[in-house]
Amino acid sequence: MWLDKKKAKKGAWRIQEKTLFIIISVFYIPTFLLEGISMANNVRPETMARITTPELAEKFIEEQVAEIQKQVGDKKVLLALSGGVDSSVVAALLIKAIGKQLVCVHVNHGLMRKNESENVIEVFRNQLDANLIYVDATDRFLDLLAGVS
C-alpha cells in the first residue's frame, strides 16, 4: 500500500493498482479553535451556512450525494465505522450515494458503550443493508490492557 500523492488531499490510497477512497471522520477541536469556533459557547463562523428547514437539509444531502458519486466513480470506499454520530452520518451519506461500493469496518475493542456494536450491526447491516465487516477484538484489546493502571 502506498500513497498516491496526486490524490492524497482527497484521502485516496492506491492498493494493488486500484484506487480506494478511505474516509476518516474525526472531530478535531484545534481546527475549530483555529477557525474561530469556540466550543464553550458553540459559535459558528459567519461563512458557515445554516440548515434550518427540511428542504435545506434535503438539498444539502442531494448535493453531497452528487459530489460523492462524482469523486468516487466506480471505486470502492473503506470507512472506519465507530458507531458515533460522525462516522454514522458519513456512512449513511455514503450508503445513499454509492451503496455496495462502500465497505464499513466496525471494530469492537471491548470499551464500547453498552450495546453499541449490536446497534451498529442492526442499523447498518440489517436495516441499511451496508457492506459491514464486524471485528470482535475485545479479548485482544482487553488482554493488552491487563495490568495497565
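**Reading a predicted model, step by step**

Student: Does I51 count as buried, partly exposed or exposed?
Tutor: This is a predicted model, and in it I51 has a relative accessible area of 48%. A residue counts as buried under 20% and as exposed over 50%, with partly exposed in between.

Student: Where does I51 lie, and which residues does I51 touch beyond four places in sequence?
Tutor: I51 belongs to the loop that runs between α1 (29-34) and α2. When residues up to four places away in sequence are not counted, the residues that I51 touches are L56, A57 and F60.

Student: What is the order of helices and strands along the protein chain?
Tutor: The secondary structure of the protein chain comes to five helices and six strands. Reading along the sequence places these elements in the pattern β-β-β-α-α-β-α-β-α-β-α.

Student: At what angle do α2 and α3 pack, and what is that arrangement called?
Tutor: Two packed helices are described by the angle between their axes and the distance between the axes. Helix α2 (residues 54-72) and helix α3 (residues 85-98) have axes 9 Å apart, and they pack at an angle of about 65°. That angle makes α2 and α3 roughly perpendicular.

Student: Is the crossing of α2 and α3 left-handed or right-handed, and which residues of α3 take part in the contact?
Tutor: The crossing of α2 and α3 is right-handed. On the α2 side, the contact is made by I61, Q64, V65, I68, Q69 and V72, and the residues that they meet in α3 are L93, L94, K96, A97 and I98.

Student: How many residues of each class are in the contact of α2 with α3?
Tutor: Sorting the residues in the contact of α2 with α3 by class separates nonpolar, polar and charged residues.

Student: Why does S88 count as buried, and which residues are in contact with S88 beyond four places in sequence?
Tutor: S88 is found in helix α3, and S88 counts as buried because its relative accessible area is 16%, while the limit for buried is under 20%. S88 and V120 are 32 residues apart in sequence, yet their C-alpha atoms are 8.6 Å apart in space. Leaving aside neighbours within four places in sequence, the residues in contact with S88 are L81, G83 and F124.

Student: How many Å in space separate V123 from G83, C-alpha to C-alpha?
Tutor: V123 has its place in helix α4 (residues 116-127), and at 31% relative accessibility V123 counts as partly exposed. In sequence V123 and G83 are 40 residues apart, whereas the C-alpha to C-alpha distance in space is 9.8 Å.

Student: Which residues are in contact with M112, leaving aside its neighbours within four places in sequence?
Tutor: M112 has its place in the loop between β5 and α4, and M112 and G83 are 29 residues apart in sequence but 9.2 Å apart in space, C-alpha to C-alpha. Once the neighbours of M112 within four places in sequence are left aside, its contacts are S82, H106, V107 and S117.

Student: What is the phi of N115, and what is the phi of D129?
Tutor: Most residues other than glycine have a negative phi. N115, in the loop between β5 (102-108) and α4, has a positive value near 65° although it is not glycine. D129, in the loop between α4 and β6 (131-136), is not a glycine either, and its positive phi is about 55°.

Student: Over which residues does pLDDT stay under 50?
Tutor: The protein chain averages a pLDDT of 78, and 69% of the residues score at least 70. Where pLDDT is low, the predicted coordinates should not be read in detail. One stretch with pLDDT under 50 is residues 1-19, with 30 contacts in the model beyond four places in sequence, and another, with nine such contacts, is residues 24-34.

Student: What percentage of the residues in the protein chain is buried?
Tutor: The protein chain has 149 residues, and the share of them that is made up of buried residues comes to 26%.

Methods
Residues numbered from 1 in each chain as written. Predicted model: local features only at pLDDT ≥ 70, side-chain atom pairs only at ≥ 80, totals over all residues. Heavy atoms only, no water. Axes fitted to C-alpha atoms, helices over the stretch in contact; angles between N-to-C directions. Helix = DSSP H or I, 4+ residues; strand = E, 2+ residues; numbered from the N terminus. Parallel < 35°, antiparallel > 145°, perpendicular 65-115°, else oblique. Left-handed = near helix turned anticlockwise from the far one by under 90°. Contact = heavy atoms within 4.5 Å. Nonpolar A, V, L, I, M, F, W, Y, C, P; charged D, E, K, R; others polar. pLDDT = per-residue confidence, 0-100. Buried < 20%, exposed > 50% of the residue type's maximum accessible area, 1.4 Å probe, protein only.
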